[in-house]
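The structure is shown first, and the description follows.

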Amino acid sequence: MRFDILTLFPAMFQGPLTESILKRAQQAGKITIHLHDIRDWATDRHRTVDDAPYGGGAGMVMKAEPLAAAIQAVQAADEPGGPVVLLTPDGELFNQSIARELATLPRLILVCGHYEGIDERVRERLIDREISIGDYVLTGGELAAMVVVDAVARLVPGVIDSESIVEESHSDFLLEYPHYTRPAVWEGLAVPSILLSGHHGEIARWRRSERLRRTLARRPDLLARAAAAGVLTKADLALLAEWGWQPPGSGWNTDGHE
Ligand code: 4FV
């Protein structure tokens, strides 16, 4: 998979995208990451990429011309094409299912806004999709782009072993089960004996119940989505009923009475 990132601060990407799993994925040719400095498409001698907002107000706005020229040049630079995605706090909220969807694409072109944002006309003309990584405001879209590249790249086949993708948090709306490793006792805290039993069937059942317990305790909204998506088994629903939880709309509301 190919990632193109358009930014005013390409140096920010050294480190997060050049270490560990993403580094090995690039070395193995599973992914390629191309950084493009939007300022390279500024045509005036001061290489201006931003200007004051029409209508007044604080801050600056990214100019349409250099940004549009950058997007069109990068799109034309290579086949296959790919969606142009703007990272912005008013985009659709990024999550694991969007990450899975994007990881099926051959290419992704990410646009990092800065200042107050980009000229609206570029959004109308050249942006295919807008994604937010969360309901808070960053100084720029760069960190958001790194988050999206990291979450998507690790789902590209061969980047990490598929075994560890299967049961991780949000893979099926449920949160992950707790993890333990040596020593068996640490500071008086013992690893749950079931995990030392070697009974893989019972370990799988324990891990599933821990995922349900944790999701019910921390993110009951996800449990409702899991139920709606049909990923909860009869055994799951029976266990959850013991804990007083019923899928919304199942006649019994979550705290067990009509
Ligand atoms: C953001 C977010 C974000 C807004 C103004 C960049 C900043 C500045 N991007 N998810 N949250 N962007 O806060 O994606 O231009």
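## Basis of the description

A pocket is an open set of points on a 1 Å grid, with protein on both sides within 12 Å along at least five of seven lines, and its lining residues have an atom within 4 Å of a point. The structure under discussion is a predicted model.

## Second largest pocket

The second largest pocket holds about 260 Å³ of space. Its lining consists of Asp51, Ala52, Pro53, Tyr54, Val61, Met62, Lys63, Ala64, Glu65, Asp119 and Arg121. At least two of the lining residues are supplied by strand β4 (61-62), and at least two by helix α2 (64-77).

In terms of residue class, this lining comprises six nonpolar and five charged residues, with no polar residues.

## Largest pocket

The largest pocket has a volume of about 350 Å³. It is lined by 23 residues, of which Leu87, Thr88, Pro89, Leu138 and Gly141 are the closest to its centre. The largest share comes from β5, with five residues.

The lining of the largest pocket divides by class into eleven nonpolar, nine polar and three charged residues.

## Leucine 93

Strand β5 spans residues 84-93 and includes leucine 93. Is this residue buried, partly exposed or exposed? Leucine 93 has a relative accessible area of 46% and is therefore partly exposed, as this class lies between the limits of 20% and 50%.

Leucine 93 and isoleucine 133 are 40 residues apart along the chain, while their C-alpha atoms are separated by 5.9 Å. When residues up to four places away in sequence are not counted, leucine 93 touches Ile98, Ser132, Ile133, Gly134 and Asp135.

## Aspartate 172

Aspartate 172 lies in the loop between α6 (163-166) and β8 (185-186). Its relative accessible area is 18%, so aspartate 172 is classed as buried, the cut-off being under 20%.

Which residue makes a polar contact with the side chain of aspartate 172? The partner is arginine 211, whose side chain is joined to that of aspartate 172 by a polar contact of 2.9 Å.

How values were computed:
Residues are numbered from 1 along each chain as its sequence is written. This is a predicted model: local features need pLDDT of at least 70, side-chain atom pairs count only at pLDDT 80 or more; totals for chains, interfaces and linings use all residues. Side-chain values use heavy atoms; hydrogens and water are left out. Helices (H or I, at least four residues) and strands (E, at least two) are DSSP runs, numbered from the N terminus. Buried means under 20% relative accessible area, exposed over 50%, partly exposed in between (1.4 Å probe, protein chains only). Contact means heavy atoms within 4.5 Å. On a 1 Å grid over the protein atoms alone, a cavity is a set of points where a 1.4 Å probe fits but cannot get out, and a pocket is an open set with protein on both sides within 12 Å along at least five of seven lines; lining residues have an atom within 4 Å of a point. Grid points are joined across faces, edges and corners, and a volume is the space filled by probe spheres set on the points. Ala, Val, Leu, Ile, Met, Phe, Trp, Tyr, Cys and Pro count as nonpolar, Asp, Glu, Lys and Arg as charged, and the others, Gly among them, as polar. A polar contact is a pair of N or O atoms within 3.5 Å; within protein, one must be able to donate a hydrogen and the other to accept it, and residues adjacent in sequence count only if both atoms are side-chain atoms.
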